[in-house]
Amino acid sequence: MSCIRFNTPAQRRQLAASAPVRATSPDPVAQFLSPTVTASKIARIRRLASDANPRIRESAALSYHAPEEVYAALAKDPVASVRACVAKNEHTPCDILRELASDPDETVRAWVAINYFVPADAMERLAQDESGTVRGLVAWKTQLAEAPEPVSV
């Protein structure tokens with residue numbers, strides 16, 4: 001038995017006609033949209049954020065749909081890797097990123113430095129950081145921002 005399926009032109013037209021609109025969108029990303037965020041999903045993220053296992057809390061910290069108070073609580077987590085996950089998440093609110101820019105852990109501050117949405121005042125503070133790694137990341141990010149846009153042909 002073959003795993004290859006051969007559809008006739010009529011079958012392909014029928015499949016295309018019955019396909020959802022997103023499947024015919026010119027934007028390829030539209031074909032892979034996430035399901036809507038429900039109250040049960042938010043409740044699940046809250047439970048993950050309070051789990052005893054730091055790896056589970058890291059997954060909550062990386063969620064794009066966590067409520068602000070979850071990010072705030074995880075930004076104060078005793079485990080640095082959890083705080084680092086909050087710092088690298090592009091959906092973390094700016095005020096929380098500002099707090100994490102003063103984190104005692106160098107890795108957390110480094111993730112704040114390369115977060116695309118870190119506020120300018122936090123970047124200025126990180127540019128003066130005691131860690132050469134953090135200062136280097138700030139310089140690298142600044143250099144990228146100042147680079148001229150490539151010319152498309």
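**Helix α5.** I looked up what the buried residues of α5 pack against, and found α3, α4 (68-74), α6 (94-100) and α7 (106-114), contact being taken as heavy atoms within 4.5 Å. In α5 (residues 80-88) I listed V82, R83, A84, C85, V86 and A87 as buried, where buried means under 20% relative accessible area, exposed over 50% and partly exposed in between, with a 1.4 Å probe and protein chains only. Helices here are DSSP runs of H or I with at least four residues, numbered from the N terminus.

**Basis.** I note that this is a predicted model, in which local features need pLDDT of at least 70 and side-chain atom pairs count only at pLDDT 80 or more, while totals for chains, interfaces and linings use all residues. Residues are numbered from 1 along each chain as its sequence is written, and side-chain values use heavy atoms, with hydrogens and water left out.

**α2 and α3.** I then turned to α2 (residues 39-49) and α3 (residues 54-61), which pack at an angle of about 140 degrees with their axes 7 Å apart; the axes are lines fitted to C-alpha atoms over the stretch in contact, and angles run from 0 to 180 degrees between N-to-C directions. I noted the contact as made by I45, L48 and A49 of α2 with I56, R57, S59 and A60 of α3.

**A122.** I placed A122 in helix α8 (residues 120-127) and read A122 as buried, with a relative accessible area of 0%. Leaving aside residues up to four places away in sequence, I found A122 touching R98 and A101.

Definitions and conventions:
Helices (H or I, at least four residues) and strands (E, at least two) are DSSP runs, numbered from the N terminus.
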